[in-house]
Each structure stands twice: as structure tokens, then as C-alpha cells.
Amino acid sequence: MKSVRKPAKKKVETFTAEEKAAMREYAAEKRGRSTGKIDGEAEVRTKIAAMKQPDRGLAERIHALITANAPALKPRTWYGMPAWARDDKIVCFFQPGQKFKTRYSTLGFSDKAMLDDGNMWPTTYAVTQLTAADETRIKALLKKALG
């Protein structure tokens with residue numbers, strides 16, 4: 001009787017290398033926060049400084065907008081990305097396009113942001129550049145997000 005060989009199973013990659021790196025960064029952030037030794041502002045500025053253009057310029061401007069218009073939000077990182085939190089809960093974050101090799105960066109809002117509008121509303125916005133009108137829109141989103 002001949003034995004039948006089953007074909008070898010292909011290894012399925014569940015997460016990309018970039019996603020795995022982000023998870024490692026998140027774990028390190030959690031460890032650092034539990035010791036209370038993390039300066040959120042410095043941490044965010046370091047992450048922004050490490051970005052390449054155009055992501056760096058967008059992140060710098062968004063950080064300045066949030067700092068000036070939503071002082072209740074404190075900077076910190078989240079999965080290695082600049083983020084801003086209230087009561088240690090992430091409200092919004094900047095995801096550089098280059099981090100996950102996407103064609104644009106995004107400004108995202110978590111479920112802690114009070115952006116509710118009916119049964120369906122956007123929580124993530126593609127950002128390719130920032131005009132005065134875009135900045136005005138971000139300011140309005142921040143005001144609404146904070147309730």
C-alpha cells in the first residue's frame with residue numbers, strides 16, 4: 001500500500017513585519033508607562049523627528065494644532081505613533097504613511113472621541129497636505145471629539 005503524502009502547509013503570515021514592529025513598540029510603551037518614567041511630549045517629538053518627509057512635516061503641524069487647540073490632550077505614543085490622550089485613553093493619533101507603506105498618512109480618532117453623528121461617521125482621515133481649511137477642519141474635529 002502506497003502512502004499518500006499531504007502537501008506541506010504554507011506558512012501564513014498573519015501580521016506584516018511593520019505590524020509586528022508596532023506591536024513590539026506598544027509592549028515597550030506599556031512597560032515604560034507602568035514605571036512612570038516616560039515623558040510623553042519628548043516621546044512624541046522623538047517619533048516625529050525620526051519620520052521622513054512629508055510625514056514629518058504633517059506630524060509636526062498636527063502636533064502643534066492639537067497642542068494649541070486641545071490642551072486637555074496629553075501627547076504620548078501608541079503603537080510607536082504620535083498620539084494624544086485624555087485620562088490616559090487615546091483620543092486621536094497620527095499614522096505616518098511610511099510606517100505601514102501606505103500611500104497617505106492618516107489622522108485617526110478612537111472610540112473615546114465624541115465624533116458620533118447618527119448611525120455612521122468617519123473616524124480616520126487621509127492627510128496628504130494641510131491647508132488653512134484643513135487645519136480649521138481639524139480644530140473643529142478636536143472640539144467635537146472632546147465633547
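**Exercise 1.** Determine how many aromatic pairs occur in this predicted model.

*Solution.* Ring centres must lie within 6.5 Å to pair. By this rule, the count is 3 aromatic pairs.

**Exercise 2.** Classify the pair formed by Trp-78 and Phe-93, and state which strands it ties together.

*Solution.* Step 1: the ring centres of Trp-78 and Phe-93 are 4.9 Å apart, and the planes make an angle of 50°. Step 2: planes under 30 degrees apart count as stacked and those over 60 as edge-to-face, so the remaining angles count as tilted. The pair of Trp-78 and Phe-93 is accordingly tilted. Step 3: Trp-78 belongs to strand 1 (residues 74–78) and Phe-93 to strand 3 (residues 89–95), so the pair ties together parts 15 residues apart in sequence. Step 4: Trp-78 is partly exposed at a relative accessible area of 23%, whereas Phe-93 is buried at 10%.

**Exercise 3.** Carry out the analysis for Phe-109 and Tyr-125.

*Solution.* Step 1: the centre-to-centre distance is 6.2 Å and the planes stand at 90°, which gives an edge-to-face aromatic pair of Phe-109 and Tyr-125. Step 2: because Phe-109 lies in strand 4 (residues 105–109) and Tyr-125 in strand 5 (residues 124–127), the pair ties together parts 16 residues apart in sequence. Step 3: buried means under 20% relative accessible area. Phe-109, at 5%, is therefore buried, and Tyr-125, at 15%, is buried too.

**Exercise 4.** Which residues do ring pairs link into a cluster?

*Solution.* The cluster consists of Trp-78, Tyr-79 and Phe-93, linked by ring pairs.

Terms used. Residues are numbered from 1 along each chain as its sequence is written. This is a predicted model: local features need pLDDT of at least 70, side-chain atom pairs count only at pLDDT 80 or more; totals for chains, interfaces and linings use all residues. Side-chain values use heavy atoms; hydrogens and water are left out. Rings of Phe, Tyr and Trp (its six-membered ring) pair if their centres lie within 6.5 Å; planes under 30 degrees apart count as stacked, over 60 as edge-to-face and the rest as tilted. Helices (H or I, at least four residues) and strands (E, at least two) are DSSP runs, numbered from the N terminus. Buried means under 20% relative accessible area, exposed over 50%, partly exposed in between (1.4 Å probe, protein chains only).
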